[in-house]
Amino acid sequence: MLTREQNERLVRTNKGTEMGTLLRRYWIPALLAEEIPEPDCPPVRVQLLGEKLIAFRDTQGRIGLIDEFCSHRTASLFFGRNEECGLRCAYHGWKYDVDGNCVDMPSEPPESRFREKIKQTAYPCVERGGVIWTYMGPPELEPEVPELEWMTLRPEQRFVSKRLQETNFMQAMEGGIDSSHVSFAHRFNMDDDPMHAGTAGLAYLKADTRPKFEVIESDGGLLIGARRNVDDERYYWRITQWIMPWYTIIPPFGTHNPLGGHAWVPIDDETCWAWSWNYHPTRDLRDDELESMRRGEGIHAKYIPGTYRTLANKDNDYLIDRVAQREKRTFSGVEGIAAQDFSLQESMGPIVDRTKERLGTSDAAIILARRRLLAAAEEAADGELPGTRTEHHRVRSASVLLPKSVPFNEGARDALVVRPGEEFVSI
Amino acid sequence: MLTREQNERLVRTNKGTEMGTLLRRYWIPALLAEEIPEPDCPPVRVQLLGEKLIAFRDTQGRIGLIDEFCSHRTASLFFGRNEECGLRCAYHGWKYDVDGNCVDMPSEPPESRFREKIKQTAYPCVERGGVIWTYMGPPELEPEVPELEWMTLRPEQRFVSKRLQETNFMQAMEGGIDSSHVSFAHRFNMDDDPMHAGTAGLAYLKADTRPKFEVIESDGGLLIGARRNVDDERYYWRITQWIMPWYTIIPPFGTHNPLGGHAWVPIDDETCWAWSWNYHPTRDLRDDELESMRRGEGIHAKYIPGTYRTLANKDNDYLIDRVAQREKRTFSGVEGIAAQDFSLQESMGPIVDRTKERLGTSDAAIILARRRLLAAAEEAADGELPGTRTEHHRVRSASVLLPKSVPFNEGARDALVVRPGEEFVSI
Amino acid sequence: MLTREQNERLVRTNKGTEMGTLLRRYWIPALLAEEIPEPDCPPVRVQLLGEKLIAFRDTQGRIGLIDEFCSHRTASLFFGRNEECGLRCAYHGWKYDVDGNCVDMPSEPPESRFREKIKQTAYPCVERGGVIWTYMGPPELEPEVPELEWMTLRPEQRFVSKRLQETNFMQAMEGGIDSSHVSFAHRFNMDDDPMHAGTAGLAYLKADTRPKFEVIESDGGLLIGARRNVDDERYYWRITQWIMPWYTIIPPFGTHNPLGGHAWVPIDDETCWAWSWNYHPTRDLRDDELESMRRGEGIHAKYIPGTYRTLANKDNDYLIDRVAQREKRTFSGVEGIAAQDFSLQESMGPIVDRTKERLGTSDAAIILARRRLLAAAEEAADGELPGTRTEHHRVRSASVLLPKSVPFNEGARDALVVRPGEEFVSI
């Protein structure tokens, strides 16, 4: 439970807010590279942390991410012409380069130097892992470009998607941090999901539905251990990495399956992008895996064609199927791992009122993540922040059997870091 | 005409408001029994007086009406599993019984007593007359369960429906109290409606279009007499019962026709349920009558399939037919008694601004009903309230011929009370 | 750039606002005459300057424009019966004449004189040029009825349309005042538009894309001259008339083509009517011209059938066609002169934030128009106002070649006034 004031501090991310200042200290996954596939392709609207921006790839392939609205009379650059190394406003022809410089102002006299006074807001971008990343913070504090494991692999080894979620980013991320809900919301989906089926981990998971949680601060965020009894001597540990400010890494089921994870990025205070990726560190993804992901299965989602909004959404009660619920094909009546999560999260309203919660021991990770974010926010102006360095990103989640006497972070130490090209640890 | 402050007092019904406190002292028709037809059927969202609730029927047939949002992390119980005598949240499995007790908390350790501290808001329910009733007030002030005549009959003798109205409940109810509009809004519908056709009453009604109103306080609300001249010696009286806080009983046309009435129940401040019933105290409804009612004729309404929203609604200008209006098949161009009323009431906006009204003598009943509600609101905390006792409900409306010298409430005294199994009085 | 306070003064037009008081001093184009085509036809909703009204034509052909909501209980007169020289409310039968007098009150006793106390707000109307005009200001200050040239011609010589624009009227009008955008937003539409094709003016326009602006106050508003170099001795001048408070007259291309212009009229603060007309002062419009206009070409627009909302609108990104944009068939990807303008204007949001603009020399006319409106607003209570007299309306825009030494308002003096039945001046 939070006070109203704490909740406000946590969820507001517009420019000038406390959390907004914090999040602007990190590189942000802004859009899929395929959204602006080639030089001089149409510009694309992008909203991040409440700021409306326009993304484009110029004639030389450079990526621009600038204020959506022209400095002149604030018409949208969505209608702009992307040509000859710049984006030209369709209203009066002012033209901007990827750095936001006004490089042409044809409505003014040739001798005018007015355009030199114009500077369109522009954020630096890089392309990594099929995603365009941007940095919206103070230039002098720009951190290293992220190096999550999937970003460092060949394209054939990974699949990345994004979907619109109609809640605050924090509420979505709390679902990723909270592995306790897996035993319920996704209960009847485990067996027939080829990603989980037949693993020893799944058998342990179902045998003990009341895991105990231990949460430890890591350099980059949190290590969240959920332990279940196996026998008198051993625990089954599922260990989730939370990397600040918005990455959650899913613990694996077996080493034959791809790994997965998410980023939860504010669009505005009431919507966010749920980024999802699967990858395998030592092999290409198989065609059947890729097809399933493209169909929106597993942690990905089915879209309304031509959009990143999900087909199952709040306007249609997430296509709830009460027969499937009764027949225990789905726990909540909603189909698909992703939709099972976001249907429940969106049902709390776009910004959940955390003054009304009643948190238990299973919510320990959520409580600590909030605390760590709020503490970091106090250092946001110029402090050294967890999750800003590439070594914070080179981590893995894991699922392991350990003797009861061994602390999970010690027993799984090697399993919890990326060893490039090496198999990960999972049972 | 009201002051702005009086209007606000009258229309606001959320928890803690004056009118909200008053209305919570009464049993409330909450949903149709058929919406939760059998044990362990899917839960149903119900909003009343601004409170979002979820209704379910447990394994033993007991009815639960509890806060829609789980005490834990406020996910909606709409996605819950209704099984084994309780409703289980789909997020982390917390389970509630019909009294709001948390009877299982599988995400916490077995030894945890945390669940004993959890109490989900729950309101008592009873099923009467095919309707589920709830009481949302202080337990120590719970009144008798209502006994409107139709509630006491066999199912074959009655038909009950509900529809969504997109106005404040008060504005809808004022249409039910105000019998003066019948001569206009429904003018061209009288003759071809088998419910009215050929009755002596209808002839008197059309002969004198300027009824005079006399309104008298009854034990439960108001007796509203509208008199019309018949000849030198007699008046034709149509007498409407208003039973606090939201029941309006329609005066009859002939004894061969079913009786009818309404309840007007706030969903929130800008929408309400219009409950409508027809019944005959001494016979079963005929098949042709039931079919007509199911089709949405008379005081009932046609729905958008799968919803309780009407097919004719503000988004389509109530399917207004200007040719039918010009040809005097309908007065306003809108088809159907119910739609004729709610189209006009919704056209005033969701909450009518009563500071702008200009009320005449024909509005006497509305004026007194408002006054009585505002007066009762001052006693709402713990006073004895009109309309809370079953004797207040055992009344009938009536239409009678009386000598001019006889006060209507005396002349119609016997006609105005329910005499079980006995024919009602109407010409 | 304006201060926030100046912007608010400029855009708010409800009753009691500064700009609302100013605009109410002028006759207002309210609706097309064809919307109420004949006596006793159905009434039509009309919203102007934030006031919700209802227009009707009574049995004798007189035009009424009265408050939409009945004085009695505020039901909408949209459902009213228009018959026997008045509009009768469908709720309780109160009936109003075109002057807002309550001429029948059948719900009250015959002897009642209550109806004499009722006065429904009513505005005087006249029909001119196929348009119904109203005056919503103080009766004692009512100005002359407008006499724009097209209003004085035979119906065969003109075509008038209106469309809904989803912005404040000011933002829309600034597009009409600002002829600088023509070289960009409409760049690739000039050649294939038969209205422009092959004229000498078009060649000059394309040869010099950086016109210089000179703006002069006229009696009725502004004279906006845009000059382009032709050779050492001559300028090509395109001269736009702005007549207060909302008329913009388009300079012509050649004398064989119809003239055109607009009025920009607030519906409420976030929407306006864009009125558009074409006419020829010395001949009837040809069938091919009329068909093209009816199809929504040129300055007119294609509608969603049965509405005045445009088919290309903000909900469908104005049907943007990126291929047409790339292939230089349209500059912004949006098809049609009108849609090219309103797509950009609506992209600024319903009320543009003028504190964020960066205005150049090409925005001189906009700056002066704002200044003149704000200055006039200070005289709005009872001052003599520009644009209120018919002589202010009897003006033309023009396109002319002038020696460099001649001021444009002197050189084009004769071209800038209406000479009835005489050809206009254009190259």
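The legends below describe close-up views of a predicted model, taken one region at a time. Local features need pLDDT of at least 70 and side-chain atom pairs count only at pLDDT 80 or more, whereas totals for chains, interfaces and linings use all residues. Residues are numbered from 1 along each chain as its sequence is written, chains are lettered from A in the order in which they are written, and side-chain values use heavy atoms, with hydrogens and water left out.

**View 1. The contact between chain A and chain B.** Chain A brings 38 residues and chain B brings 36 residues to this contact, where contact means heavy atoms within 4.5 Å. The buried area, which is the accessible area (1.4 Å probe) that two parts lose on being put together, summed over both, is about 3,000 Å² between chain A and chain B, with 52% of it given by carbon and sulfur atoms. Of the area that chain A buries against chain B, 24% is supplied by A:Arg210, A:Arg322 and A:Arg358, more than by any other three residues.

View 2. One of the pairs that form a salt bridge is A:Glu174 with B:Arg73, whose closest N and O atoms are 3.7 Å apart.

**View 3. Chain A where chain C touches it.** This contact takes 38 residues from chain C and 36 residues from chain A, and the count of salt bridges between the two chains is 7. Here A:Arg73 forms a salt bridge with C:Asp178, and the closest N and O atoms of the pair are 3.7 Å apart.

**View 4. The relation of chain C to chain A.** When copies are superposed by least squares on the C-alpha atoms of residues with pLDDT of at least 70 in both, a rotation of 120° with 0.1 Å of shift along its axis places chain C on chain A, with an RMSD of 0.1 Å. The two copies are therefore related as by a three-fold rotation axis. Within chain C, the residue that comes closest to the rotation axis is C:Asp315, at 9.9 Å (C-alpha).

**View 5. The annotated span of chain A.** An unreviewed UniProt entry carries the annotation "domain: Rieske" for residues 27–134 of chain A, although such annotations may be inferred rather than shown by experiment. The end C-alpha atoms of this span lie 5 Å apart, and the span is 0% helix and 37% strand, where helices (H or I, at least four residues) and strands (E, at least two) are DSSP runs.

Technical notes: A salt bridge is a side-chain nitrogen of Lys or Arg within 4 Å of a carboxyl oxygen of Asp or Glu.
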